[in-house]
Amino acid sequence: MINLMRNFISRLFHPLYMPLAGCAIVFYAFPSLVFMMQKSQIIILAAILLLNTIIFPGIASIVLTRKKIIASLEMNEANERRIPIIIISFCYIAACYMVWIFYLPKYFYLILLGAAAAAFVALIINYRWKISMHMMGMGGVTGIISGMMNSASNDISLLFMVQLILAGLVGTVRLAGHHHSAAQIYYGFALGFFCEYFMLTL
């Protein structure tokens, strides 16, 4: 039962979902964007995010598993993560480019750019060490909320506190499941956080 709950939480807060979650938070922080953007722009944004941050990377991971390039979708070994991270990085860059050419609000571009930067740094680190991709995603969402706190038209302080609790939950689950050491969890969170925070505040 405990293992089932751990797997459920790990899948619910899978790192592939985090850029989409971060972009959804933009609409909560700036509700006026819903009215400022045309319906076609919202549809285009949703398509860009779903295809480039979830569907394409997800399909690529399944194909790599079936070709036995990676042992499983969990990618527990550091050397299994290199090709998937490269694919994810290029998908994020493609999404950045699409957001830019369709003149969508800059927040979405910056969030995707921050996710791409974190993925590239994780790729470099991965050659010598394995950090938690789950916590990198949770740190990224936390960094997005922190980066928008001073400019958001809605009060997102409660959202920030909830996100910290969720990040702690995911970190505990990954640590309890012996997927990572404490250092790998902390560094993963820090990498995601600072890439997104600095992207939104610099």
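Q: Why is F193 called buried?
A: F193 has a relative accessible area of 17%, and buried means under 20%, exposed over 50% and partly exposed in between, with a 1.4 Å probe and protein chains only, so F193 is placed in the buried class. This is a predicted model, in which local features need pLDDT of at least 70 and side-chain atom pairs count only at pLDDT 80 or more, while totals for chains, interfaces and linings use all residues. Residues are numbered from 1 along each chain as its sequence is written, and side-chain values use heavy atoms, with hydrogens and water left out.

Q: What makes the aromatic pair of F193 and Y197 stacked?
A: The structure holds ten aromatic pairs. In the one formed by F193 and Y197, the ring centres are 5.6 Å apart and the planes are at 10 degrees. Rings of Phe, Tyr and Trp (its six-membered ring) pair if their centres lie within 6.5 Å, and planes under 30 degrees apart count as stacked, over 60 as edge-to-face and the rest as tilted; the pair is therefore a stacked one. Both residues lie in helix α9, four residues apart, which is about one turn of the helix; helices here are DSSP runs of H or I with at least four residues, and strands are runs of E with at least two, numbered from the N terminus.

Q: Why is the pair of Y197 and F198 described as edge-to-face?
A: The centres of these two rings are 5.8 Å apart and their planes stand at 65 degrees, so the pair of Y197 and F198 is edge-to-face. Y197 counts as partly exposed because its relative accessibility is 28%, and F198, at 40%, also counts as partly exposed. Together with F189, F193 and F194, the residues Y197 and F198 form one aromatic cluster.

Q: What makes Q163 buried?
A: Q163 has a relative accessible area of 8%, and is therefore called buried. Its place is in helix α8, residues 157–176, and, apart from neighbours within four places in sequence, Q163 is in contact with M138, V141, T142 and I145.

Q: Why is A117 called partly exposed, and which residues does A117 touch, not counting those up to four places away in sequence?
A: A117 is partly exposed because its relative accessible area is 26%. A117 lies in helix α6 and touches C195 and M199 when residues up to four places away in sequence are not counted. A117 and G192, 75 residues apart in sequence, are 9.0 Å apart in space, C-alpha to C-alpha.

Q: Why is Y103 called exposed, and what is its phi?
A: Y103 is exposed because its relative accessible area is 70%. Its place is in the loop between α5 (82–101) and α6 (106–126). Phi of Y103 is near 55 degrees, a positive value in a residue other than glycine. Most residues other than glycine have a negative phi.

Terms used: Contact means heavy atoms within 4.5 Å.
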